[in-house]
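Welcome! Please take a moment to look over the sequence and the model below, and then we can walk through them together.

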Amino acid sequence: MTPEQSVVATVVHAWKQNLERADRIFSTLSERDLQREVGPGKNRLVYLWGHLIAVHDAMLPLLGLGERLHPELDDAFLKNPDRVVADSLSAADLKRLWNEVNQRLLEAFGAFTAAEWTEKHTVVSAEDFAVNPLRNRLSILLSRTSHVSYHLGQATLAPR
């Protein structure tokens, strides 16, 4: 394994670890548990889970992997705060979407070469990328890994 491949493998491994932690937390929650707030008047666990699914789904076009699988999640989990859009997804629905989106990402991650990870993501222009080549696919994966970790901290602190 080259040093570049080792770096990429380390980042992908961190992503997988965070997904596994999130899965252990969210997939074991009952419908009632998912209604718990992170803090008084704050987001509910159902919102955090849906938000993570929507953000991960948005990674598909961002990384050049094709169209989103579930853009219908945006209104409830990206464009609006919790409770603005009525709950329409069950725990089983969320689990299915979580698995579908993350499986699609993991399959694609395994196909990228180390060099492809350093290519620009789709939202940055060629001119901006020339100025800042760190606006690449790997940086997206790193930031989204931190994002999952942040929300895992919130979910862990939600009162029982």
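Trp 15 and Phe 109 are both buried, where buried stands for under 20% relative accessible area, exposed for over 50% and partly exposed for what lies in between, with a 1.4 Å probe and protein chains only. This is a predicted model, in which local features need pLDDT of at least 70 and side-chain atom pairs count only at pLDDT 80 or more, while totals for chains, interfaces and linings use all residues. Residues are numbered from 1 along each chain as its sequence is written, and side-chain values use heavy atoms, with hydrogens and water left out.

Let us stay with the aromatic rings. The structure holds 5 aromatic pairs; rings of Phe, Tyr and Trp (its six-membered ring) pair if their centres lie within 6.5 Å, and planes under 30 degrees apart count as stacked, over 60 as edge-to-face and the rest as tilted. One of these is the edge-to-face pair of Trp 15 and Phe 109, at 6.0 Å centre to centre and with 70° between the planes. Trp 15 belongs to helix H1 and Phe 109 to helix H5, so their pairing ties together parts that are 94 residues apart in sequence. Helices (H or I, at least four residues) and strands (E, at least two) are DSSP runs, numbered from the N terminus.

Phe 112 and Trp 117 also form an edge-to-face pair, with 4.9 Å centre to centre and 80° between the planes. Phe 112 counts as buried because its relative accessibility is 13%, and Trp 117 is buried with a relative accessible area of 0%. Together, Trp 15, Phe 109, Phe 112 and Trp 117 form one aromatic cluster.

Now step back to the whole protein. It has 8 helices and 0 strands. The C-alpha atoms fill a box of roughly 45 × 30 × 25 Å, taken along the principal axes. Of the 160 residues, 41% count as buried. Among contacts (heavy atoms within 4.5 Å) between residues at least 6 apart in sequence, 67% join residues at least 24 apart.

What holds the middle of this picture? A nonpolar core is a set of buried Ala, Val, Leu, Ile, Met, Phe, Trp, Tyr and Cys residues joined through side-chain atoms within 4.5 Å. Of the 44 residues in the largest such core, Phe 26 and Leu 45 touch the most other members. The elements that give two or more residues to this core are H1 (3-26), H3, H4 (74-77), H5 (91-111), H6 (114-117) and H8 (137-157), and H3 gives the most, with 11 residues. Leaving aside neighbours within four places in sequence, Phe 26 is in contact with Leu 45, Leu 48, Trp 49, Leu 52 and Ala 155.

Helix H3 covers residues 45-62, and its 18 residues reach 26 Å from first C-alpha to last, close to the 26 Å expected at 1.5 Å a residue; the expected span is 1.5 Å times one less than the number of residues. Because 16 of its 18 residues are buried, H3 is largely enclosed by the rest of the structure. After H3 comes Gly 64, whose phi is positive, near 75°.

Helix H8 has 21 residues and reaches 31 Å from its first C-alpha to its last, close to the 30 Å expected. Its buried residues include Arg 137, Leu 138, His 151 and Ala 155, and what covers the buried residues of H8 includes H1, H3, H5 and H6.

Glu 31 lies in helix H2 (residues 31-34) and is partly exposed, with a relative accessible area of 43%. Its side chain reaches the backbone nitrogen of Ala 91 at 2.7 Å. Not counting residues up to four places away in sequence, Glu 31 touches Ser 90, Ala 91 and Ala 92.

Arg 83 sits in the loop between H4 and H5 and is partly exposed at 42% relative accessible area. Most residues other than glycine have a negative phi. Arg 83, although not a glycine, has a positive phi of about 80°.

Technical notes: A polar contact is a pair of N or O atoms within 3.5 Å; within protein, one must be able to donate a hydrogen and the other to accept it, and residues adjacent in sequence count only if both atoms are side-chain atoms.
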